[in-house]
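Biologist: Before we discuss any labels, could you put the structure up, so that each term can be set against what it stands for?

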Amino acid sequence: MTSPESQNSNPVTEAEKMNSEIKNTQNTEKKEVVKTPETPKNTGITFTSLLLEDFRHRRWMLVLSSIVQFFCGPFFTLFVLSRYEPRYNPELSYLELVRQIRDSAETLCGYLAVLALVVAAVGAVIVGFGGFRHLFNKRMTDMINSVPVKRGKMFAVIYTNGLLMWIVPFLFFGAISFIEIAVKLGKYGVMSMVFGHFLMTLAGAAFAFFCIYNLVVLCTAISGTIFNAIVNFVCLGFEASAFYLIVYYMSEAYFQNFWRSAVDYLDISCISAPISGCAFGFLIAAGSETATEIFATPLRTVCFILTVVICIANILIGYRVYVTRKSEEAENGTSGKVYKFVLRFASSILAGLYTAFMVNQIVGYSGNYGWCIFIAACFSALAFGVMDIIQKKSFRAFFAHRGQMILSIAATLIILAVFIFDVINFDNHIVPENNIASATVRMRINNYYWSDNGDGFIPVEGMPGCITWDEASYNDIYSGEVEISAELAGKIMRAEKIYFGEFDPEYGSRAYSYDPVTGRENPLPLDEWSMYYDYAQVYFNVDRNTGLDFLRSYRIADKDLLEEISKTEGYKESNYRLNCGLLGYPESVKITDDYGNAIYTLTYDEVQKFMSVYFDEFNKNFDTYGINYMNQRYYAVQIQCSYEMIYNSYSSGSHYFYILVGEKDTATVRMIERLTGMPVDSFMDQDDLYYG
Amino acid sequence: MIEIKNVSKKYEDINALSGVSFDMPEGQVFGLVGTNGAGKSTLLRCICGVCKPDEGDILVDGEPVYENPEAKKKMFFISDDQYYYPGSNSEEMAKFYRTMYPETFSMERFSDLMESLSLDKKRRIQTFSKGMKKQLAIMLGIASGCKYILCDETFDGLDPVVRQAVKRLFIHDMEEAGITPVIASHNLRELEDICEYVGLLHKGGVILSKDLEDMKLGIYKVQVVFKESASLETVRNNLKVISEEHRGSLVTLTIRGGRTEVETVISSQVPVFYEVLPLTLEEIFISETEVLGYDFTGITKQ
């Protein structure tokens, strides 16, 4: 191959030739050259010309965006529509056909919304990093900063171009998808619904895109390398959420009476632009009814507004950093001393806490926290050093900030100690009665089936014989909530509690009783603590005058107190609403032995009778079934309900669950004996008592 | 005119420029010379508005340059390693600069220049040699029609033929269009041919900045043979001798001062032989920096 510079075989001749050519060029251009500095030929650098110029150098992004959006839009739509076609059986009644088509159009729109959201999220990352990539390259930065364009204008151009690269293909391919649906299904009157979905999808995806894109731009503006920008994106985007999660997990693991946080994850998600952007974007894309969930609670409304504010703040800060950023920061790590320290500090604490927590979970609860503390310190130091290496782009930087590293380790260990040793006295905290604005309580008398109030089963209106299973409420195993007085709330807080302490290799977790007032704790005798069913779980929610919720879950064995709670006005109604009608139409009731083997299966009429006797007796002897039910022997009665599932798709089947019949429920027991022709004790093992 | 007033710039803990002040008169080729790490590139980057000085002001025709498109459109910066968009060809880069300098950039001029240098406009730049990339950067700079062309080590990597051609182009455009090339370089012999005005930087500060001829008039190299060693002592006492070198009885002195003054003092000592020689820019540079301790002659003794 010939070297590009080896073309000049005779330098002298070539030089003369070149000089004469240049001279000629100069002569022909003479007039123009003289004029150029003074006489403008064009109107100046317009926003559009810069936009086109920027676009010319990253056309590949538009091509990529278009390809992805084509496959996620028109291609996918056509694919799904062709898959759905066989469902539209011409033998169906017109109304049923329309219902089928509307259902499939709605499902398709749902899929499209999710895909649009994914494309928006991934697109925001690619377009954001790609658009501002010159900040990672010194030579490119020099070139961009040397041209006569204000940095603010350049920022606006690149930002707008990124936005257009996502939105133009979205609108274009979205419109094609819309047309495809219109052609295939338009005559069935689904167009207004599809169009509504399309607009909501656009709004949702745009929201997610803005949140993520703005964060990416901010992270790019503060970083000198792509690697640092990604690290910053992960840290700024997810560290605050990760903090919330670790605090949540550790509260659950180490505090005896932590139940749940007063703030749920969606509420708190505004601290993470990618998470909140996608979460709220999904709610918007899911449709107008679901979108109202954004404003479901005042807290969530505030969070939504905060998300928007953070999104705008991110881009304003990004703009400010971009405009004031020094050119020499390209190819360096991350800029901003304070910011860098905060990032190192936070990452170090997070790494320490998560590793310690994971080790504790894997090794198990042993009460020996030595390893836990050692590992937390090691990983805290490691993460701090690694962050320093990333930020400074030098392996020597591992120990560059020894003082700060020690500070981070100390902070990690202090936080760990707060949870392990309950330094803040979480478990013994008592809210003064005069601070209680209102309080509610729910009880669970330690049996899943017994406490199920049937909320999960919903009869389908207008469809006799059908019940539907509401998955969300099915998982709600707690009994009904009831309001209690401040005085009773005070009693609950001050009552003696049971908790499980150090691990005994022979017996598992050892139970203790403790008095939150005195802080006194007593290990329960082995024969007592092993029977740890002998308490009620009390879920307790206090609204304080200060506005903060106080949520606790106590294990209380004091039967007098539990009975007092159960006698609170409205408690019975809220807890024992189980009745035959609510459960739909049980097909069969099986009376089983201890091991679930059917002793007798009732006929349909018997089922109805059994249910009414059972529930009559149950409700009549509420107190017997209530707190005194503990320590009582019971018999398991299996109920089988036929149902039709209306959850995403139609299906039918049966659901089994148990009703426990207490030995003191003489009417039911007698009925069981009459039906089976056997004394219940003959098939219920005397030595293997079940306790409620 | 470019006015540099008390400009300082720091990179973390390193002082790249400290209190640099001088003027770059327009219509002349300005040579920016300096020791390694003297701050030449930093100064150029500050002048063209890429970097913001930590202290001081840089004015281009009376206007501050940083974040001022009106001042920046008079300048074209050719860095020592010019950036080109990946996969682009010369024509696309020319279009880029036409967008950035819409009032002055001439595509026709660019095409003609590329043709005369036998560079293919359609060829992808990443297939160019280092020298060809430099040529392209210079052609883009000249075609930009900017008043000030800032060249950072631009002549490095150019073959002698192209180097001469570029010099001719600069001189031509200087005369015809009134451009002011500012050339930072280590290659002082190259600058000497073309520069009329020189700024000498060392360790972030300006040693001197003046017309090259004036500079040469103020410093002389004298080769002299004295009969007695006392005569040399008298010369040392009466003139500002910057450096001296002995080869047998022949002494070479670098002396600061007027030619008449130098000749008067030396001839008064009735030397066997003496000759006043003109100094090259390189010799001036070495002499001036040696005075400031920038001297590695002892390196061979180690």
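Biologist: Which domains does the domain assignment give for chain B?

Modeller: This is a predicted model, and for chain B the assignment gives domain 1, residues 2-212, and domain 2, residues 218-301. Their centres, taken over C-alpha atoms, are separated by 36 Å.

Biologist: How many residues of each domain of chain B take part in the contact?

Modeller: Counting heavy atoms within 4.5 Å as contact, domain 1 of chain B contributes 14 residues and domain 2 of chain B contributes nine residues. The area buried between these two domains is about 1,100 Å², and carbon and sulfur atoms give 76% of that area. On the side of domain 1 of chain B, Leu188(B), Glu192(B) and His202(B) supply 38% of the area buried against domain 2, which is more than any other three residues.

Biologist: Turning to chain A, why are α7(A) and α8(A) called oblique to each other?

Modeller: The axes of α7(A), residues 191-221, and α8(A), residues 226-254, come within 8 Å and cross at roughly 130 degrees. Angles of 65 to 115 degrees count as roughly perpendicular and those over 145 as roughly antiparallel, with the rest between them counted as oblique, and the two helices are therefore oblique to each other. The crossing of α7(A) past α8(A) is right-handed.

Biologist: Which residues make that contact, and how do they divide into nonpolar, polar and charged?

Modeller: Among them are Ile212(A) and Leu215(A) of α7(A), together with Phe233(A) and Leu236(A) of α8(A). The residues of this contact divide into eight nonpolar, three polar and no charged.

How values were computed:
Residues numbered from 1 in each chain as written. Chains lettered and ligands numbered in written order. Predicted model: local features only at pLDDT ≥ 70, side-chain atom pairs only at ≥ 80, totals over all residues. Heavy atoms only, no water. Axes fitted to C-alpha atoms, helices over the stretch in contact; angles between N-to-C directions. Helix = DSSP H or I, 4+ residues; strand = E, 2+ residues; numbered from the N terminus. Parallel < 35°, antiparallel > 145°, perpendicular 65-115°, else oblique. Left-handed = near helix turned anticlockwise from the far one by under 90°. Nonpolar A, V, L, I, M, F, W, Y, C, P; charged D, E, K, R; others polar. Domains from an automatic or database assignment. Buried area = accessible area lost by both parts, 1.4 Å probe.
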